Amino acid sequence: MLNIKEYIKDILIDREMKQKIDFFSKVNIFNGLSRFAVGKLVTAMYSRKYEAAEIICPEQELGKALFIIMSGEVAITRQSGTRREDKIISRLKSGDFFGEMALLEEKPRSATATALTDGELYIIYKANFDSMIEKDPKIGLMVIKNIAVILSARLRGMINEGK
Amino acid sequence: MLIVVETVIFVMPKVIAELNQLQSSLPKIAVQVRNSLAKVQNQLSAYYPPLKSKNLPDLVMQKINSFAASVPAHLPQIIGNFFNFLSLYVLVPFVTIALLLDTNRLADWLFSIIPSRHTETILSIISEINQVMRDFIQGQAMRLFWLTALTVFGLLYLKVDFALIFGLLAGIFNIIPVLGAWLGAIPPILMVIVQGDISMVFKLALLFIGIQVLDNTIISTYYLSTSVNLHFVIVLFVLMVGAEFFGLLGVILSVPAASMIKVVMGILYHDYQHKQKLEMPQPQPD
C-alpha cells in the first residue's frame with residue numbers, strides 16, 4: 001500500500017540537502033546552530049573536487065575562504081628552516097576544516113593546504129559570510145564564537161608546547 | 001516586494017479598463033489629430049503657399065487608415081515580430097542573468113578549467129559578480145517601481161487621459177538608463193499637443209524634469225549607487241559603446257556589464273598588488 005506520508009516527504013524534502021545538513025551539523029565550527037541555520041550556510045557554499053597532490057591554497061596567498069572537507073584527506077604544510085622545506089603540521093580528514101581565519105580577515109595564508117587523496121571540499125567565501133552576518137547576526141555570532149574557541153584552544157596548545 | 005505585487009494586482013484591472021477606454025476613444029483622437037494637422041497646415045501655408053494645394057490632414061489620415069487596415073492582414077507577422085522583440089530584449093537578458101546567477105554551475109565550470117591554486121580568486125570573482133547582479137536587479141526593480149508610481153500619480157494629478165498606461169510606459173522606458181526617462185515623456189506630450197492643450201505641455205515637461213531630477217538625486221543614488229558604483233561620465237560612455245556594438249540590448253546590459261568588469265578588475269588588481277608585495281626584496285638586518 002502506498003505510504004502517503006512517505007510519498008509527501010519524498011516530494012517536499014530535498015534529500016541531498018538533508019544529507020548535507022546532517023553532515024555540516026557535526027562540523028565543530030557550526031556547533032550550536034539550528035538545522036535551519038546550517039541549511040542557510042550550506043546554500044552560501046560552493047563545492048570543488050580535488051585530485052591527490054593538488055594544491056588547494058598556497059602559503060602566502062591571500063586567504064578569502066573557509067574550507068570544509070567533505071571527503072578525502074588534506075595535508076597542512078609550512079615551509080620552515082633555512083632550506084625552506086615543507087613540514088607537515090597536520091593531516092585533516094572528512095568533517096575537518098581549515099582557513100577559518102580568512103573569515104575574520106583577508107590576510108596571507110600561514111600554511112599550504114594540499115590534497116593527499118582525491119576528495120571534495122566545501123568552501124565559504126568571506127564576503128558571502130559577511131553578508132550573511134549582516135542579514136542574520138545570530139548565525140554569524142555563533143560561528144565567530146566557535147572560531148574564537150578553536151583559536152584559543154590552539155593558542156593554549158602552543159603555550160603549553162613552549163613550556 | 002509585497003508592496004510591488006499588491007500594487008500590480010490592484011493596478012492591472014484599472015490598466016485594462018484604460019486600454020478599453022483608449023480603444024473606444026480612438027475615433028475621437030483621430031478627429032483631434034486631423035484638426036491639429038489642419039491647424040499646422042494653415043500656419044505653415046502662411047510661410048510656404050504651395051502647401052495650401054496639398055491636403056495634409058487627409059494625406060496623413062489616409063496613411064494611418066491604410067496602416068490600420070493592413071494590421072489584420074499582417075497580424076501574424078506583427079505578433080511574430082513582437083515575440084522576436086520580446087525574446088531578444090526581454091528573455092535573452094533575463095536568461096543571461098539567470099545563468100549568471102546560477103553561480104554553482106558557473107563555479108563548477110570555472111573550477112574545471114582553472115588550476116586549483118586560484119580557487120579562492122575565482123570564488124571571489126563569482127561571488128562578487130553574483131552580488132552585483134542581485135543588487136542591480138533588485139535596485140533596478142525598485143527604481144522602476146518608484147519612477148512608475150511617481151509618473152502615474154503626477155499624470156493623475158494633472159488629469160492627463162490614460163495616466164496609468166502612460167505611467168507604465170514611462171516606467172518600462174526607464175529600463176534604458178539616462179535616455180529612457182525622456183523617451184517615456186514623449187507619448188503623453190504628443191497626446192496633449194494633439195488635444196491642443198499647450199499649457200499642459202509645459203506642465204508635463206515640468207513633471208518629467210522633476211521626476212528625472214528626483215531619479216538622479218535620490219532614487220538612483222539610493223537603489224543603484226551601491227551596486228553600479230560607476231561615475232556618471234563612465235555610465236554615458238559605456239552606454240554609447242553598448243549601443244554602438246549591440247544596439248538596444250547593449251544599452252540595457254552595458255551598465256551592469258561594466259559594473260561586473262569593474263568588480264573583476266578590482267579583485268585581480270588587489271591580488272596583483274599582494275603578489276608584488278610578496279616579491280619585493282625583504283630588508284636585510286644590519
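Modeller: Gladly, and let us begin with burial: a residue is called buried under 20% relative accessible area, exposed over 50%, and partly exposed in between, with a 1.4 Å probe and only protein chains counted. K64(A) is buried on that scale, because its relative accessible area is 3%.

Before the pairs, a word on the ground rules. This is a predicted model, in which local features need pLDDT of at least 70 and side-chain atom pairs count only at pLDDT 80 or more, while totals for chains, interfaces and linings use all residues. Residues are numbered from 1 along each chain as its sequence is written, chains are lettered from A and ligands numbered from 1 in the order in which they are written, and side-chain values use heavy atoms, with hydrogens and water left out.

Side chains of opposite charge can pair when their charged atoms come close. Here a salt bridge means a side-chain nitrogen of Lys or Arg within 4 Å of a carboxyl oxygen of Asp or Glu. Searching the whole structure gives 12 of them over all chains.

What does K64(A) form a salt bridge with? Its partner is D271(B), and the closest N and O atoms are 3.0 Å apart. K64(A) sits in the loop between strand 2 (55-57) and strand 3 (65-71) of chain A, whereas D271(B) belongs to helix 9 (residues 232-279) of chain B, so this pair joins two chains. Helices (H or I, at least four residues) and strands (E, at least two) are DSSP runs, numbered from the N terminus. D271(B) is buried as well, because its relative accessible area is 11%.

Now let us move to helix 2 of chain A, which spans residues 15-25. One salt bridge here pairs E16(A) with K20(A), and their closest N and O atoms lie 3.8 Å apart. The two residues are 4 residues apart in helix 2, about one turn of the helix. What about their burial? E16(A) counts as exposed because its relative accessible area is 51%, whereas K20(A), at 18%, counts as buried.

Helix 2 also holds K18(A) and D22(A), again 4 residues apart, or about one turn. Their side chains meet in a salt bridge, with 3.7 Å from N to O. K18(A) is partly exposed because its relative accessibility is 38%, and D22(A) is partly exposed at 28%.

Chain A has 5 helices and 8 strands. Along the sequence, its pattern runs α-α-α-β-β-β-β-β-β-β-β-α-α. Of the 163 residues in chain A, 40% are buried, and K20(A) and K64(A) are among the buried ones. Helix 1 of chain A covers residues 4-12 and includes I8(A). I8(A) is partly exposed because its relative accessibility is 42%.

Between the chains, look for D271(B) and K64(A), with their 3.0 Å contact between N and O.
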